[in-house]
Amino acid sequence: EFSFEGEFYNYRNVSLKTRPVQKSMDMWACAGFAEWSVKGTAKRAWPYCATGDANCHLTVFDRYDEYARQFGHDPATLRHAVFKDVMLGETQAEAT
């Protein structure tokens, strides 16, 4: 910080340190299904993003919520998401 008093301008306790214009983005954990990753993500109350087949996220979210409770977090306040690959093509063969 510095101050400046000049003929036309006066600045008091000014900093040239840059700051972000926008709020920083939330960190999401794409943590997989290993027990240590589910537990570690729940311990930190990080938003959890599951990957895998269509229904595998159902069991991992239950485990995540249970660990969150054990660490004193309310699962109703935590966020879940499912990551899905989407492939496009003129034919099924081109899309896979």
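Glu35 is partly exposed, with a relative accessible area of 37%. In this predicted model, Glu35 pairs with Arg63 in a salt bridge whose closest N and O atoms are 3.1 Å apart. The pair links distant parts of the chain, with Arg63 in helix H2 and Glu35 in helix H1, 28 residues apart. Arg63 is likewise classed as partly exposed, at a relative accessible area of 25%.

The count of salt bridges comes to four. One of them joins Arg79 and Asp26, with 2.7 Å between the closest N and O atoms. Arg79 lies in the loop between H2 and strand S4 (80-82), and Asp26 lies in the loop between S2 and H1, so this pair ties together parts that are 53 residues apart in sequence. Arg79 has a relative accessible area of 38% and is partly exposed. Asp26 is partly exposed too, at 41% relative accessibility. Another salt bridge is formed by Arg12 and Glu5, where the closest N and O atoms are 3.6 Å apart. Both Arg12 and Glu5 are exposed.

The largest nonpolar core holds 10 residues: Val38, Ala42, Tyr48, Ala50, Val60, Phe61, Tyr64, Tyr67, Ala68 and Leu78. At least two residues of this core come from each of helix H1 (35-44), strand S3 (48-50) and helix H2 (56-70). H2 gives the most, with five residues. Phe61 is one of the core residues. Neighbours within four places in sequence aside, Phe61 is in contact with Tyr48, Ala50, His80, Ala81 and Val82. In H1, the buried residues include Val38 and Ala42, and Ser37, Gly40 and Thr41 are buried as well.

Cysteines were considered separately. A disulfide is a covalent bond between the sulfur atoms of two cysteines. The count here comes to zero disulfides. Cys30 is in no disulfide, and its nearest cysteine sulfur, that of Cys49, is 3.4 Å away. Cys49 is in no disulfide either; for Cys49 the nearest cysteine sulfur is that of Cys30, at 3.4 Å. Cys49 is buried, with a relative accessible area of 10%.

On the surface, a nonpolar patch is formed by Phe2, Phe4, Phe8, Tyr9, Tyr11 and Leu16. Together these residues have about 740 Å² of accessible area. Tyr9 sits in the loop between strand S1 (2-5) and strand S2 (10-14). Tyr9 counts as exposed, at 55% relative accessibility. Arg19 is found in the loop between S2 and H1. Arg19 is exposed as well, with a relative accessible area of 60%. Tyr9 and Arg19 are 10 residues apart in sequence, and 23 Å separates them in space, C-alpha to C-alpha.

Asn13 is not a glycine, yet its phi is positive, about 50°. Asn13 is placed in strand S2. At 57% relative accessibility, Asn13 counts as exposed. Ala45 also has a positive phi, near 60°, in a residue other than glycine.

Key
Residues numbered from 1 in each chain as written. Predicted model: local features only at pLDDT ≥ 70, side-chain atom pairs only at ≥ 80, totals over all residues. Heavy atoms only, no water. Patch = residues over 30% accessible without salt bridge, like charges linked within 9 Å, V, L, I, M, F, W, Y side chains within 5 Å. Areas by Shrake-Rupley, 256 points an atom, 1.4 Å probe, with all protein chains shown as cover. Salt bridge = Lys/Arg side-chain N within 4 Å of Asp/Glu carboxyl O. Helix = DSSP H or I, 4+ residues; strand = E, 2+ residues; numbered from the N terminus. Buried < 20%, exposed > 50% of the residue type's maximum accessible area, 1.4 Å probe, protein only. Core = buried A, V, L, I, M, F, W, Y, C linked by side-chain atoms within 4.5 Å. Contact = heavy atoms within 4.5 Å. Disulfide = S-S within 2.5 Å.
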